[in-house]
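Welcome to this set of exercises on reading a protein model. Keep the sequence and the 3D view open, try each task yourself, and then walk through the solution.

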Amino acid sequence: MHFDQREQAALREVGLDIDDLQRASEAVAEHVDEAAANLEAFFAGRETVYSDMDLAHASGGVAEHTVDYIDLYTHAADLDGWLRFETWGVRVEDGRVLSESVVELTLAGRHGRTRFAAEADAL
């Protein structure tokens, strides 16, 4: 089950029984699986994406990336994986789709989220 013991106790206090908790846990896992599939589809369909990521030795503004692949996996509420660009890669710790042309990922070693877009002007 997705919820830890304290969360389960709090949810039971507000009236949810064990069956409700199980259904909620399964729904969370389904939403995470769907998010992972949508994120993979976003990157798989594009050779180049643009981001608001700060890069060392870059002039600032919008960064352009050549995408090699993204590989995501899920477990309950966790979404993790690897995003590989042409010459480097980064571990993905979470993510969500913001629109058809913009996604947001939490990347290891970076503060906050990084937005990626199909077109530079979408950022």
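**Exercise 1. In what sequence do the elements of the protein chain run from the N terminus on?**

Step 1. Starting at the N terminus, the elements run α-α-β-β-β-β-β-β. Helices (H or I, at least four residues) and strands (E, at least two) are DSSP runs, numbered from the N terminus.

Step 2. That pattern holds two helices and six strands.

Step 3. Now for the overall extent. The radius of gyration is 17 Å, well over the 14 Å that the globule rule gives for 123 residues, so the protein chain is more spread out than a compact globule. The radius is taken over C-alpha atoms, and the rule is 2.2 Å times the number of residues to the power 0.38. The C-alpha atoms fill a box of roughly 55 × 25 × 25 Å along the principal axes.

A word on the source: this is a predicted model, in which local features need pLDDT of at least 70 and side-chain atom pairs count only at pLDDT 80 or more, while totals for chains, interfaces and linings use all residues. Residues are numbered from 1 along each chain as its sequence is written, and side-chain values use heavy atoms, with hydrogens and water left out.

**Exercise 2. Describe how the six strands are arranged.**

Step 1. Recall a general point: strands of a sheet pair through backbone hydrogen bonds, either parallel or antiparallel. Here two strands pair if DSSP finds at least two bridges between them.

Step 2. Follow the order S1-S2-S3-S4-S5-S6, and you will see the six strands close into a barrel with antiparallel pairing. From one strand to the next, the twist averages 50°. For such angles, axes are lines fitted to C-alpha atoms, for helices over the stretch in contact, and angles run from 0 to 180 degrees between N-to-C directions.

Step 3. Touching, or contact, means heavy atoms within 4.5 Å.

**Exercise 3. Trace the pairing of S2 with S3, and then of S3 with S4.**

Step 1. S2 (residues 63-75) and S3 (residues 78-85) run antiparallel, joined by eight bridges. His 75 has Asp 78 as its bridge partner, and Tyr 73 has Asp 80.

Step 2. Look at the turn. S2 and S3 form a hairpin with two residues between them. Ala 76, in the loop between S2 and S3, has a positive phi of about 55° although it is not a glycine. Its relative accessible area is 31%, so Ala 76 is partly exposed. The cut-offs are under 20% for buried, over 50% for exposed and partly exposed in between (1.4 Å probe, protein chains only).

Step 3. Go on to the next pair: four bridges join S3 to S4, again antiparallel. Arg 84 stands opposite Gly 89 in S4, and three residues lie between S3 and S4 in their hairpin.

**Exercise 4. What caps the N-terminal end of helix H1?**

Step 1. Find H1 at residues 5-13; Asp 4 caps its N-terminal end. A side-chain oxygen of Asp 4 lies 3.1 Å from the backbone nitrogen of Arg 6.

Step 2. Beyond H1 comes Gly 15, with a positive phi near 110°.

Step 3. In the segment before H1 sits Phe 3, which is buried at a relative accessible area of 15%. Leaving aside neighbours within four places in sequence, the contacts of Phe 3 include Leu 11, Leu 21 and Ala 24.

**Exercise 5. Is Glu 104 buried or exposed?**

Step 1. Locate Glu 104 in strand S5. At 10% relative accessibility, Glu 104 counts as buried.

Step 2. Check its side chain: a polar contact of 2.7 Å joins it to the side chain of Arg 96. Such a contact is a pair of N or O atoms within 3.5 Å; within protein, one must be able to donate a hydrogen and the other to accept it, and residues adjacent in sequence count only if both atoms are side-chain atoms.

Step 3. Glu 104 also touches Thr 114, a residue of strand S6. Thr 114 is buried as well, at 5% relative accessibility.
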